[in-house]
Amino acid sequence: MTTSAVSSRSALQEACAVAGFDAVDAEPVRIAENEIWRLPNQHAIVRIARPGQWEAAVREVRVARWLADNDVPAVDALPVDQPVKAADRPVTFWKELPPHKNGTVLDVVNLLKRLHPLPIPEFPLGRLDPFVRIAERIDAAATLSEDDRDWLRRRHVELSEQWAKRPAGLPECVVHGDAWVGNVARTDAGPLLMDFERVSVGPPEWDLVSTAVKMTTTGAVSAAEYAEFCSLYGADVTQWKGYELLAGTRELRMASYAAQHAATRPEWRAEAQYRIDCLRGRTAPRPWHWTGIM
């Protein structure tokens, strides 16, 4: 077991003891930026967030319960007093999903159509920050050259300045913040929305751009799939004059995420460098074919 997994298990055991769960048979699901464990005999999933993310964890639980109250299909926060603090990290507890796979593009748009019209809740959500953790990710990208990291920092500043004076678009609403097929679970009963770490108030275009860049930037979504997505939602974000700004920001997020984790995961280094090379014009024009990182 890696050092990270050992540290995560220690936090898991402490949190489970406080919340009334048994961590003896816990199984790691994913040890990454957030650490996910499964309690197989209790049908529970435990999510261990980074230090300093207490308010975000509180918000995630509130959002899950708010979605349930508003009949939006989503993962359920378990009915325990949570989050729990363990090893100075917020820990949350979730109902384990039945067998499932990633959702589809159409699942994403159908869930967004149920989320975006909802009135903004009374509890604080905060404003959307599309640049959250980008600076930290660039600083941590030790496998990149300093020239590449300096370029990413300049791109970050450029996009941040543009974001501050972005053009008007659709009315602001509650946005998921990271609305892609990986954050939708398709079960036999239908699709469920999950991962509420970035839920906030902001332009709905930010949720739409995640699918749009899969067509224009990475080629993972076909033109026909995207046309159906737009038809169902009733808007095409690629036709909005702020699209290049939002697409550029998503690309920067995707590239910096890969670069950060390439520092500790050698198998990701080639992909991380390729994404930087694409952004810097060292490869063929879009769409690029970026390999998914798990």
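These notebook entries record what I looked up in a predicted model.

**Entry 1**

Five of them form an open sheet in the order 1-2-3-5-4, with antiparallel pairing. I then asked which strands lie at the edges. They are strand 1 (27-31) and strand 4 (84-86), and each pairs on one side only. From one strand to the next, the twist averages 30 degrees.

I followed one pairing in detail. Strand 1 joins strand 2 (residues 35-39) through four bridges in the antiparallel sense. Within this pair, I noted R38 of strand 2 as the bridge partner of E27.

**Entry 1: a helix on the sheet**

Next I looked up what lies across the strands. Helix 2 (residues 54-69) lies across strand 3 (44-48), strand 4 and strand 5 (89-95). Relative to strand 5, helix 2 runs at about 15 degrees.

**Entry 2: helix 3 against helix 6**

I turned to the packing of two helices. Helix 3 (residues 105-115) packs with helix 6 (residues 205-216) at an angle of about 175 degrees, and their axes are 11 Å apart. An angle over 145 degrees counts as roughly antiparallel, and helix 3 and helix 6 are therefore roughly antiparallel to each other.

Which residues make this contact? From helix 3 I listed V105, V108, L112 and L115, and from helix 6 D207, L208 and T211. By class, the residues of this contact are five nonpolar, one polar and one charged.

**Entry 3: the cavity**

How many cavities of 30 Å³ or more does the model hold? The count is one. The volume of the largest cavity is about 30 Å³.

Its lining consists of V108, L111, L112, A179, W180, N183, V184 and L193. Helix 3 gives the most to this lining, with three residues.

Last, I looked up an open site. The second largest pocket has a volume of about 300 Å³. It is lined by 12 residues, of which I31, A32, E33, H261 and T264 are the closest to its centre. I sorted the lining by class and found three nonpolar, four polar and five charged residues. I31 is also part of strand 1, which spans 27-31.

Technical notes
Residues numbered from 1 in each chain as written. Predicted model: local features only at pLDDT ≥ 70, side-chain atom pairs only at ≥ 80, totals over all residues. Heavy atoms only, no water. 1 Å grid on protein atoms, 1.4 Å probe; cavity = no way out; pocket = protein on both sides within 12 Å on 5 of 7 lines; lining within 4 Å. Points joined across faces, edges and corners; volume = space filled by probe spheres on them. Axes fitted to C-alpha atoms, helices over the stretch in contact; angles between N-to-C directions. Parallel < 35°, antiparallel > 145°, perpendicular 65-115°, else oblique. Contact = heavy atoms within 4.5 Å. Nonpolar A, V, L, I, M, F, W, Y, C, P; charged D, E, K, R; others polar. Pairing = 2+ DSSP bridges.
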